Amino acid sequence: MEELYAKYSKDPASVDPSWRHFFEGMDFMSSVLNKEEFSDRSLRIFSLIQAYRRHGHLLAKVNPLDPREQVAPELALEKLGFEASELGQMFPTRSFCGKEEATLQEIIDGLRQIYSSRIGFEYMDLDNEEMEKWMQERLEPRTRIELSIEEKRMILEHLYKSEVLETFLHTKYVGQKRFSLEGGETLIPLLAEIIHWGAEQEMEEFILGMAHRGRLNVLANLLNKPYSVIFQEFEDSFLPRQFEGSGDVKYHKGFSSESKTRGGRDVHLHLAANSSCLESVDPVALGMTRASQVLRGDEERKKVGAILVHGDASLSGQGVVYEVLEFMRLPGYSTGGTIHIAVNNQIGFTTLPEEGRSTRYCTDIAKAFGCPVFHVNAEDPESCLFVGRLAVELRLRFKCDVFIDLNCYRKYGHNEGDEPAYTQPLHYRLIREKKTIRQLYSEQLTREGSLEQQLANELEEKFRGELGLSLERAKKEEPHPPEERYGSKWKDFQQPSADVLLKPFDSSAKAELLREVAKGYARVPADFHLHPKLQKWLQDRLAMLGGSIDWGMGECLAFGSLLLQNIPLRLAGQDSCRGTFSQRHAVWIDQENGSSYCPFAHFSEKQARCDIYNSPLSEFASLAFEYGYTWIHPNALVCWEAQFGDFDIGAQIAIDHYITTAEQKWARYSSLVLLLPHGYEGQGPEHSSARIERFLQLTANNNIQVVNPTTPAQYFHLLRRQALRPIKKPLIVFTPKSLLRLPACTSPLSAFTSGGFEEVIGDSVVKNPSRVLLCSGKVYYDLLAEREARKRNDIAIIRIEQLYPLHEAKLKAALPSCNDICWVQEEPENMGAWEFIRDFLPSARYVGRARSSVTATGSFKQHKEELNHFLQEAFQ
């Protein structure tokens, strides 16, 4: 040990981490001369204390379905170097018990009272010694969970409200799905305490994400959504088209409200709408949280916080949870820590934990990210409140995620019409015999003398009376959507019909403004060491304003002009700072010291906020985060960029369940822009197609905009139109790859200083064609080059720039009188836009690649042969 300590003294990293922690914990630096610290008895006691700090949770009584004494081999006396005969002997306590010496049995009892009793604590070995010390100061030498009579009655009131609502719905709406919270009702007082305690620490807003289990209870008893509205949803009073947002089941909907805590503080609460993909809302809620922090100027991330409520099976089973935890300390995504609550029913539909995960706890993923975990029993509400407060304090102090494992059960099956005994007969025999949490806590308070039975009866009668009156009101009143604060952010924006959506919009910018952008972008700080190649690149960009402007510069002018017009910009994606194809260079890296500089953030002191980030290598969570950001910040231009458009398939849940459907399901609008590099250049099946056909299949009710622009000016106008007009719809943009450097794909400055985006571009050269080729995107340039090579001036080429909503009037006006009309695309026949566009062009014939199960060939030679084949067909 002396040799190891000598090595440690010279270089702490030279010894095994377990020894390093041991020496630090023993505080050798200050006590190396105190021989008692090195005694066998003291070392053994230190190891004993550390063992309980690490493993005491294994003995904690936190499972309401398993009252048996737990066994932990890690805490066996013999394994820790003790014998049973030593239990009555005196040992140095290392100040643990508040006195210098105590019997071994007293020390163990003290450790068990803290670490193996009502709460299971996991906070050791998370690579955060400051947190370990802070936790030990909070818990040792004795953990006291002491609540006032008022706080205990508050718990009971929440439990009554929670239980009575569930039983009321169960009797009034027999067999209807509601995904009851019964068996886990403690979630309501736990959430209320987290919000109260956060507000006491000056927090102003909480954004919640949760799945369907207990959602109606949270909406009613935490966010104060009117009972009458909930009952109208059960009565199915809302017709699908009665008002926006009536297109989903009641236990998926969101809500927001202003609430007052029991301490009298005002706090804004927002429960995000969620789909049936249980954990899909997690990144959405974090994006909302980040946006709210930006709007409130909450740079320290202490005013706005996120709470995510998980099911045990989905927490351990769905990979998006890992993606979300990865955000915790990333500059572009951190929200200052999230409080996670696992409503641990100990079952997923019909799947038991031993069938559904390979870990001991459903929360074990937290260890990978250094997050503390507290395991509590839902039948012990006071301990639940204790860890709720602890979680808030940890989150604020250490800016980390914190997990609360709320061990409970599910009274019914997966839904109220399900029979759980088919698959878990023993499990549910035990559940049917249990008293409710409200009954258990009421009896506890009565025994303590904190509650009179008459008061308990009055509480139940009061809540049942309120529910009865609300039900009567729900049946008499006209259905109406509940009022909530959420809509105020969107009150100035139109949600128009198709004709308004297709009205011309002037998105031009003055030449002086564009020159200011170009000069600002090319301005290099005096002390910044720019890469030599970039210096010339910047000068070339600046010179473009006097000639031809390429795609990257068109984007630069769009972003810069919007920032100078006070429109905030957030761009995030895989390699977005530089650009996958080295076309953007929005963030420069100093070649000598590695510091970064974003020219877009330095056009002017009065410009809008600019955030440009590289995202983690994730599509699902990263895209959903940006989508959530737009729910809260409608005035910003928010763009998510895929490295290649093909990779958007990794975010299909976010696209299908949120981006394309949220307006119809929940009346939630978004201005998100998806930038998806797309184009066939012989790079193989996963680097060619952003799957245009999938997005077109998802279009209806003017839900999104699907655009395949062909010029830098079109792209410029498209981005500016998206940001400036008072219409907010998600925008899907298929961006180019090879066109980024194609000389033909440029625009003059005059195309930026007048007009706007054109949904359809006709052929201004050929007036009386023998054939018309309709197309969209990059293939236009292949057709143009082929026409010039063949000198076929009798064939017109018309571009459909916006595929949805399709501007049929413009298309009709652009089509000359001709009996030979072809639709040409580079994608296979069963992909691309053909199967969508042919309904609008019944006389058109298809020209392009044959049907295929894969998007593209991996052979460049075959790619060229396919291209030449359909070009020949187009012009023969």
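1. Helix α28 (residues 779–790) lies across β22, β23 and β25 (821–828). Its direction is about 170° to β23. This is a predicted model, and the points below should be read that way.

2. The strands under discussion belong to an open sheet of five, in the order β21-β23-β22-β25-β26. Pairing in this sheet is mixed. Strand β22 (residues 771–775) pairs with strand β23 (residues 795–800) in the parallel sense, over five bridges. Valine 772 has alanine 796 in β23 as its bridge partner.

3. On aromatic rings: the structure holds 41 aromatic pairs. Take tyrosine 521 and tryptophan 537. Their ring centres are 6.3 Å apart and their planes stand at 65°; over 60 counts as edge-to-face, so that is the class of this pair. The two residues are 16 apart and link distant parts of the chain. Tyrosine 521 is in helix α20 (residues 511–522), and tryptophan 537 is in helix α21 (residues 532–543). Tyrosine 521 is buried, because its relative accessibility is 1% and the cut-off is under 20%.

4. Tyrosine 780 and tyrosine 781 also form an edge-to-face pair, with 5.1 Å centre to centre and 75° between the planes. Both count as buried: tyrosine 780 has a relative accessible area of 11%, and tyrosine 781 has 10%.

5. Ring pairs also build a cluster. Its members are Tyr521, Phe528, Trp537, Phe559, Trp588, Tyr597, Phe600 and Phe603. Tyr521 and Trp537 from point 3 are among them.

6. Two arginines deserve a look for charge over a ring. The charged end of arginine 41 sits over the ring of phenylalanine 91, 4.0 Å from its centre. For arginine 570 the ring is that of tyrosine 333, with the charged end 5.4 Å from the ring centre.

7. Check the cis peptide bonds. One joins glutamate 140 and proline 141, with omega about 5°. Proline 141 is in the loop between α6 (129–139) and α7 (149–172). Another runs from tyrosine 804 to proline 805, with omega near -10°. Proline 805 lies in the loop between β24 (802–804) and α29 (808–814).

8. Check positive phi as well. Arginine 301, not a glycine, has phi near 60°. It is in the loop between α11 (281–295) and β7 (304–311), and it is buried at 12% relative accessibility. Serine 582, also not a glycine, has phi of about 55°. Serine 582 falls in the loop between β12 (569–573) and β13 (588–589). With a relative accessible area of 24%, serine 582 is partly exposed.

Key. Residues are numbered from 1 along each chain as its sequence is written. This is a predicted model: local features need pLDDT of at least 70, side-chain atom pairs count only at pLDDT 80 or more; totals for chains, interfaces and linings use all residues. Side-chain values use heavy atoms; hydrogens and water are left out. Rings of Phe, Tyr and Trp (its six-membered ring) pair if their centres lie within 6.5 Å; planes under 30 degrees apart count as stacked, over 60 as edge-to-face and the rest as tilted. Helices (H or I, at least four residues) and strands (E, at least two) are DSSP runs, numbered from the N terminus. Buried means under 20% relative accessible area, exposed over 50%, partly exposed in between (1.4 Å probe, protein chains only). A charge sits over a ring if NZ of Lys or CZ of Arg is within 6 Å of the ring centre and within 35 degrees of the ring normal. Two strands pair if DSSP finds at least two bridges between them. Contact means heavy atoms within 4.5 Å. Axes are lines fitted to C-alpha atoms, for helices over the stretch in contact, and angles run from 0 to 180 degrees between N-to-C directions.
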